[in-house]
Amino acid sequence: MKISSSIFCRSFKYKFPSKYKIKFLPKTPSLRIIKKNLVYIIKNNDKYYWAILRCPCGCKNVISLSLSDSKDLYWTLSVTDYGYPTLTPSIKQIKGCYSHFYLKNGDIVWC
Ligand SMILES: [Zn+2]
């Protein structure tokens, strides 16, 4: 997955205006059960491994992001007191829908 950030990013709400929340799981769930507006965090022994979410554009693709810094490419997760996640850097689909967005405090911010 290629990452790029742009200073020209605009913020607007798209098809799913409700916020994303997180759900912690010990292992990767069946991809069929992945709900929109939920980011599944695979966590074991207090270590984060993966963040899994459905693409917010509505294409139904499931996006898996490594949270483990043992990988060359990984994302950093932070969570507000209300359970709203932020993932940095931005998330970009390099095939299919080519969506490019940030997840900030549970909101999708399109680039
Ligand atoms: Zn998509």
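Analyst: Arg 54 stands opposite Val 62 in E4. This is a predicted model, where local features need pLDDT of at least 70, side-chain atom pairs count only at pLDDT 80 or more, and totals for chains, interfaces and linings use all residues. Residues are numbered from 1 along each chain as its sequence is written.

Start with the two strands involved. Strand E3 covers residues 47–54, and it pairs with E4 in the antiparallel sense over 5 bridges. Strands are DSSP runs of E with at least two residues, helices are runs of H or I with at least four, and both are numbered from the N terminus. Two strands count as paired if DSSP finds at least two bridges between them.

Now widen the view to the sheet. E1, E2, E3 and E4 form an open sheet of 4 strands in that order, with mixed pairing. Its edges are strand E1 (21–25) and strand E4 (62–66), and each of them pairs on one side only. From one strand to the next, the twist averages 25 degrees. For such angles, axes are lines fitted to C-alpha atoms (for helices over the stretch in contact), and angles run from 0 to 180 degrees between N-to-C directions.

Next, the loop between E3 and E4. Lys 60 sits there. Its phi is near 75 degrees, which is positive in a residue other than glycine. Most residues other than glycine have a negative phi. Lys 60 counts as exposed because it has 12 other C-beta atoms within 10 Å. The cut-offs are simple: a residue is buried with 20 or more other C-beta atoms within 10 Å of its own, exposed with 12 or fewer, and partly exposed in between, with C-beta atoms placed from the backbone.

Asn 61 lies in that loop between E3 and E4 too. Asn 61 is partly exposed, since 15 other C-beta atoms lie within 10 Å. Beyond its neighbours within four places in sequence, Asn 61 is in contact with Cys 55, Gln 93, Gly 96 and Cys 97. Contact means that two C-beta atoms, placed from the backbone, lie within 7 Å. Gly 96 is 35 residues from Asn 61 along the chain, yet their C-alpha atoms are separated by 8.6 Å.

Go back to Arg 54 and look at another partner. Ile 34 is in the loop between E1 and E2. Leaving aside neighbours within four places in sequence, Ile 34 contacts Pro 29, Tyr 40, Ile 52, Arg 54 and Val 62. That list holds both members of the opposite pair, Arg 54 and Val 62. Ile 34 is partly exposed because it has 19 C-beta neighbours inside 10 Å.

Asn 37 has a positive phi of about 65 degrees, although it is not a glycine. With 15 C-beta neighbours inside 10 Å, Asn 37 is partly exposed.

Then comes the core. The largest nonpolar core has 12 residues, among them Tyr 40, Ala 51, Leu 53, Leu 87, Leu 103 and Ile 108. Such a core is a set of buried Ala, Val, Leu, Ile, Met, Phe, Trp, Tyr and Cys residues joined through C-beta atoms within 7 Å. Strand E2 (38–44), E3, E6 and strand E7 (100–104) each supply at least two of its residues. E2 gives the most, with 3.

E5 and strand E6 (residues 85–92) are joined by 4 bridges, with Leu 77 opposite Leu 87. Pro 89 is found in E6, and a cis peptide bond joins it to Thr 88, with omega about 0 degrees. E7 and E8 also share 4 bridges, and here Leu 103 stands opposite Ile 108.

Finally, the whole chain. It has 0 helices and 8 strands. Of its 111 residues, 14% count as buried.
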